[in-house]
Amino acid sequence: MTIKQYKGSAGGWGALVSTTRHLVKSENVTRNIRNLLKTNQDHGFDCPGCAWGESEEPGRFRFCENGAKAVNWEATSRRVTPEFFAQYPVGWLKQQSDYFLEYQGRLSHPVRYNAQTDYYEAISWDDAFALIADHLNTLESPDQAEFYTSGRASNEAAFLYQLFVRAYGTNNFPDCSNMCHEASGVALKQSIGVGKGTVRIEDFDLADAIFVFGQNPGTNHPRMLDTLRKAARRGAAIVTMNPLKERGLERFTNPQSPAEMLTGGATRISSHYFTPKLGGDMAVVRGMVKSLLETDKTEMLAGRPSIFDQEFIQTHTTGMTQYLTEVEQTDWSAIVEQSGLSQDDIEYAAHLYRQSERVIITWAMGLTQHKHSVNTIQEISNLQLLFGQFGKPGAGVCPVRGHSNVQGDRTMGINEKPAPAFNQAIEATFGFSPPTQHGHNTVHAIKAMLAGESKVFIGLGGNFASATPDTRLTQQALSNCNLTVNIATKLNRTHLITGKDSLILPCLGRTDIDLQKNGPQSVTVEDSFSMVHASGGVVESDTGEMRSEPAIIAGIAQATLGKQPVDWLKLTEDYDRIRELIADVIPGFSDMNRKLKQPGGFYLGNSAAERIWQTDSRKAEFKTHPLPEHLLAANLRQLSEDPVFVLQTVRSHDQYNTTIYGFEDRYRGISGERKVLMMNPADIEALGLNVGDRVDVTSLAADGIERQVKGFKLIGYDIPAGNLAAYFPETNPLVALDSKGDLSDTPISKAIPVILKASQIHDERIDLAPY
């Protein structure tokens, strides 16, 4: 392991070197260069990485370093065949790293686990479908099955999946969005009537200020940096609120800028960078509103107009008076203590906001994985409502999604709480009454499997055992099942946590040519800006017995339900047929097949952006919440006499969700190891420890279950005192299953109370200067 402060900017030559290294590692250099040139292009495929949108600038490379990693990782020539599974028992594979498992290559054949021998063995597709149908059709109730969805599934796959599951008779749709942006959807739906962001990518070209909360675009969605770079270069204020200093939010060298690349230049991204405490963002925004309210009163007393957009407020909103009363009654002392920022810093942020006519506020999981996440996002919405920052160019809110189609999956009906209008559209189109009882989200599904109430788990993509909280309990839950089925491109940890019966079904990836009866097929995805566009694979390679996700879903459905309520296999002969059904059911998708022929696809629209409020009051609603009494519940602090820290889980730069591409967290200067703990140097010293020491980390939970990870190396880092950061999935075992957000049930992965003890796991001491 090496640690060396990274002095360069994000992007630049470092990104090009990393991209080249991963091209070589794919063992398909020439072909993958051609693939990258087709990434995010018309008549190409959508990047299997993040959900950031595309500008209309023609003729540009439309992939970033991490997108290149995703493409190269998927388009490898390596294959995991039945011969591979015959060589390695599951017990041995369990001992290998996540990196080792996925590096073996693409899954090529369907396989079934043999519990007597501990090996996966080849099975035909027909026999696999028949086995699934037998398990499903012999359950006492459809509600005893769980149907998980990863955000990489296409709109076509997601629509078929939800139709099959509802025709089968349940709304059990645990979904990856339950673990990331659920709070965004819940909060915005209540406040402005739509659970999506209200801006389009071109709005970033018009904003006077962009407030960035709780995200690291340099690693998680690097194409956003180009958008922020353009905004910064034209003079927009970019104000960042993030507990960690992340290089991508400090400065960026655009690899497509010859001037910057040849001169070693860079663009400063954040004009102002604040580091609040973990969970302190609601207090920051409350303080900004309090400062602005005090300014407004001063202006009014002087006979000048209100600084708030009173016309917008009176015409379009309700609940402002109650909200501002709550703001007025919030003490500055509570705001400062909870936010971790000074009053002067918060008032300056408010000043920057006020002097900007058009403001975008954008956030990611740094805001959504807290107990009070819904309240925090509604606090942001309240601020934007006060100044009429909805429904005008260059302004609005922008939750930045992770998976490339996680927003589209929800649009297609992957939702355990379907709206009545959606159910009515399903019934009108397909002639059956879908279930109305709410189903299971991710946390509910794990609990149901733990209790033996759910007996079948089917995963459409993803790595459920690693991505979810409380790893030990989640693995136990999967092991309790009579059947687990995983539809996947590569081997991962979940495939080794077998039920009594288990299947791995290999699917095509986003890069693969999908050849069906009526020829090559394309699928569609929806980005963070509600743009829907086509994605068609371009890779000609040995796909073995891989099938597309729509074809696999159709095979399961036909085996389980027959040709009811549709001829499933006929639909997958030509995906235009699936899209015709989507157009009949989902608002905004009428004439979908024609619209997809437009360069860049089509925009679904956004009611709040049009100042149409689909709330109960038919107005945008100010939501009033007190600040949390404490960011960390007192009953948890009382569980230990030792100092209690708050830990957040984060990605490394060589990672996408649970997929580990390598061991270089370049911008943080960490190389060669993932069991690391980023900590304020003063906190390390106060514990009598040293940089480079190893510690065991134990989380605190009210259920009394000990959750611990061992042997994490301390790294001095620029992070607020009392806060820690470490990688997931390595620290997911610390997240208690019942530690979840109010109203969202999202695991609280950004606010884990922990204590540290010197570890008995040792290695050579290293002499490292803290950041």
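Is Asp-745 buried or exposed, judged by relative accessible area? Asp-745 is buried, with a relative accessible area of 17%. Buried here means under 20% relative accessible area, exposed over 50%, and partly exposed in between (1.4 Å probe, protein chains only).

The model is predicted: local features need pLDDT of at least 70, side-chain atom pairs count only at pLDDT 80 or more, and totals for chains, interfaces and linings use all residues. Residues are numbered from 1 along each chain as its sequence is written, and side-chain values use heavy atoms, with hydrogens and water left out.

Asp-745 is not a glycine, yet its phi is positive, at about 60°. The residue sits in the loop between S33 and S34. Helices (H or I, at least four residues) and strands (E, at least two) are DSSP runs, numbered from the N terminus. Pro-729 lies in the loop between strand S33 (723-727) and strand S34 (752-758). The peptide bond joining Phe-728 to Pro-729 is cis, with omega about 10°.

Asp-591 also has a positive phi of about 60° without being a glycine. Its place is the loop between helix H27 (575-585) and helix H28 (592-595). Asp-591 counts as partly exposed because its relative accessibility is 42%.

A cis peptide bond also runs from Gln-564 to Pro-565, with omega near -5°. Pro-565 is found in the loop between helix H25 (549-561) and helix H26 (568-571).

Helix H8 (residues 155-168) and helix H21 (residues 420-430) have axes that come within 12 Å and cross at roughly 85°. H8 is therefore roughly perpendicular to H21. Axes are lines fitted to C-alpha atoms, for helices over the stretch in contact, and angles run from 0 to 180 degrees between N-to-C directions. Angles under 35 degrees count as roughly parallel, over 145 as roughly antiparallel, 65 to 115 as roughly perpendicular and the rest as oblique. On the H8 side, Phe-159, Gln-162, Leu-163 and Arg-166 are in contact (heavy atoms within 4.5 Å) with Phe-422, Asn-423, Ile-426 and Phe-430 of H21. The residues of this contact divide into five nonpolar, two polar and one charged.

A disulfide is taken as a pair of cysteine sulfur atoms within 2.5 Å. The count by this rule is zero. Cys-176 is in no disulfide, and the nearest cysteine sulfur, that of Cys-180, is 5.4 Å away. Cys-176 counts as buried, at 9% relative accessibility. Cys-481 is buried too, at 0% relative accessibility.

Definitions and conventions: Nonpolar A, V, L, I, M, F, W, Y, C, P; charged D, E, K, R; others polar.
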